[in-house]
Amino acid sequence: MSGLSCEHIMTMDDLSAEDIALVLDTAESFKEVNERRIKKLPTLRGRTIVNLFLEPSTRTRTSFEIAAKRLSADAINMTGSASATVKGESLRDTAKTLSAMACDLIVVRHRYAGAPQYLAECMDAHVINGGDGMHQHPTQALLDLFTIQREMGRIEGLTVGIVGDICHSRVAGSLVPALRKMGARPVVVGPPTLMPARPDVLGAEVAHTLDEVIGELDVAYMLRIQMERAEGMPFPSLREYARFYGMNSARLDAAKPEMIVMHPGPMNRGVEISSAVADSERAVVLDQVNAGVAVRMAAMYLLLGGAESAAAA
Ligand code: CP
């Protein structure tokens, strides 16, 4: 039995507000472990975790690997170029192969929405979605909530502006429902060409200029323009985009003094965020990265049985 109400973490819909609170509380304990000189616990000794990353990643793949190792699990990394998928093996056959090796948990990143769900249907292991196409990236949302809680002291009642390429963003796809579950007010901000056809389905308020909402925001969450997923140029130039939607020193001056700036990475400096802001004390981008290890330790620990797993060892 999992410490969570779900067997897998595919989308934020899998997690109740109570589950989210449990992940955040558990991550607090693991953050303390990560600050020790010896950053290792025996909790998941003998468990096998596979990171199956069929799309590029720096932060998510590395932090899942570090998290698994800090919990003493056997962590195996498979990337697209180093797996049999390049020889034409189907995702189903990859799943069945990993299942035959008795893996306990698979973290999967895939360019197609729904791939983690399909994987879970083909095998017995727990599955965590490490980002599927333009759909969801739930552990990113969890680490973002953790960071907001630590930086602002609460999540409930905060206004969070998610700015930029909303239509291609799996980060926005998970963060909007996550914020709503925890009682915050998400506002998506961007040009109409970067909004989903029906932004209301995201459950967020919508604004088309950053300057109209900047003074209301407690958190400005800046998104990268995903040119690799866009068809054609969704705005006249990067320079014009930066002028209307970029976070810069002038906009920081117009914001509440306590407003923090977040970004999931990778950042495009000079486009959605200026270098001066990215390197300022108001930006908590590296705190988000730091939180990623503790939050992913918590997610894996709770999915694999939490305290029961340690007791059975
Ligand atoms: N935030 C995020 O998912 O970054 P990576 O693509 O580097 O994993």
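**Entry 1: cysteines**

I looked up Cys-103 first, and its sulfur is 14 Å from the closest cysteine sulfur, in Cys-122, too far for a bond. A disulfide is a pair of cysteine sulfur atoms within 2.5 Å, and by this rule I count zero disulfides. I note that this is a predicted model: local features need pLDDT of at least 70, side-chain atom pairs count only at pLDDT 80 or more, and totals for chains, interfaces and linings use all residues. Residues are numbered from 1 along each chain as its sequence is written, and side-chain values use heavy atoms, with hydrogens and water left out.

Is Cys-103 buried or exposed? I find it buried, at 12% relative accessibility, while Cys-167 is partly exposed at 24%. (Buried is under 20% relative accessible area, exposed is over 50%, and partly exposed is in between, with a 1.4 Å probe and protein chains only.)

**Entry 2: the ligand**

Which residues surround the ligand? I list Ser-57, Thr-58, Arg-59, Thr-60, Arg-109, His-137, Gln-140, Pro-264 and Gly-265, where near means that a heavy atom of the residue lies within 4 Å.

Next I checked distances. The side chain of Thr-60 has an N or O atom 2.6 Å from a ligand oxygen. For His-137, a polar side-chain atom lies 2.9 Å from an oxygen atom of the ligand. Pro-264 uses its backbone instead: a polar atom there is 2.8 Å from a ligand nitrogen. The protein covers 91% of the 250 Å² of accessible area that the ligand has on its own (Shrake-Rupley method, 1.4 Å probe).

Conventions. Polar contact = N/O pair within 3.5 Å; in protein donor to acceptor, adjacent residues only side chain to side chain.
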